[in-house]
Amino acid sequence: QLCLDNVDEGCRSWRVSLVTDVNFSPEDETLQQIACILMSTPYDAASARRTPGPVSGSVDIVVNGLGNTEVTHNTEFDLEVLGAGLPNAVGQRVKIVEADASCADSPSSNVVGL
């Protein structure tokens with residue numbers, strides 16, 4: 001959650017470690033420390049090195065808005081989706097609905113040529 005709370009500041013991935021240490025005193029106390037590191041680079045599971053203990057991950061898809069919102073009727077344009085955790089693949093799908101509609105509704109009748 002901490003990384004999602006800081007996605008606007010550039011957080012793209014995180015790593016959490018829990019370290020348990022024994023205090024060699026007569027009280028026989030155990031000390032636990034939690035370290036959370038926020039990173040600006042996306043987490044790549046394919047190149048990650050497995051290590052015991054720490055857990056790493058990345059933000060889910062977070063859409064912040066659209067880059068090009070000024071379009072002319074019947075004119076081709078590129079739609080830029082702004083956000084974090086977006087796939088880098090070409091050919092992603094976007095559903096365009098009316099402003100007061102939900103994603104469960106049908107696409108807008110004003111959208112043509114797709």
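Student: Is Cys 36 buried, partly exposed or exposed in this structure, and what sets the class?

Tutor: The class follows from relative accessible area: under 20% is buried, over 50% is exposed, and partly exposed lies in between. This is a predicted model. Here Cys 36 has a relative accessible area of 39%, so Cys 36 is partly exposed.

Student: Where does Cys 103 fall, buried or exposed?

Tutor: Cys 103 counts as exposed, because its relative accessibility is 68%.

Student: How many disulfides does the whole structure hold?

Tutor: First the general idea. A disulfide covalently joins the sulfur atoms of two cysteines. A search of the whole structure finds one. The partners are Cys 3 and Cys 11, with sulfur atoms 2.0 Å apart.

Student: What is the handedness of the link between Cys 3 and Cys 11?

Tutor: Read the angle about the S-S bond. For Cys 3 and Cys 11 it is -105 degrees, and the link is left-handed.

Student: Are Cys 3 and Cys 11 buried or exposed?

Tutor: Both Cys 3 and Cys 11 are buried.

Student: Which residues form a nonpolar patch on the surface?

Tutor: Among them are Ile 61, Val 63, Leu 66 and Phe 77. Together the patch residues have about 730 Å² of accessible area. Take Ile 61. Ile 61 sits in the loop between strand E3 (55-58) and strand E4 (62-66). Its relative accessible area is 54%, so Ile 61 is exposed.

Technical notes:
Residues are numbered from 1 along each chain as its sequence is written. This is a predicted model: local features need pLDDT of at least 70, side-chain atom pairs count only at pLDDT 80 or more; totals for chains, interfaces and linings use all residues. Side-chain values use heavy atoms; hydrogens and water are left out. Patches are made of residues with over 30% relative accessible area and no salt bridge: like charges are joined within 9 Å, nonpolar side chains (Val, Leu, Ile, Met, Phe, Trp, Tyr) within 5 Å. Accessible areas come from the Shrake-Rupley method with a 1.4 Å probe; for residues, only the protein chains shown count as cover. A salt bridge is a side-chain nitrogen of Lys or Arg within 4 Å of a carboxyl oxygen of Asp or Glu. Helices (H or I, at least four residues) and strands (E, at least two) are DSSP runs, numbered from the N terminus. Buried means under 20% relative accessible area, exposed over 50%, partly exposed in between (1.4 Å probe, protein chains only). A disulfide is a pair of cysteine sulfur atoms within 2.5 Å.
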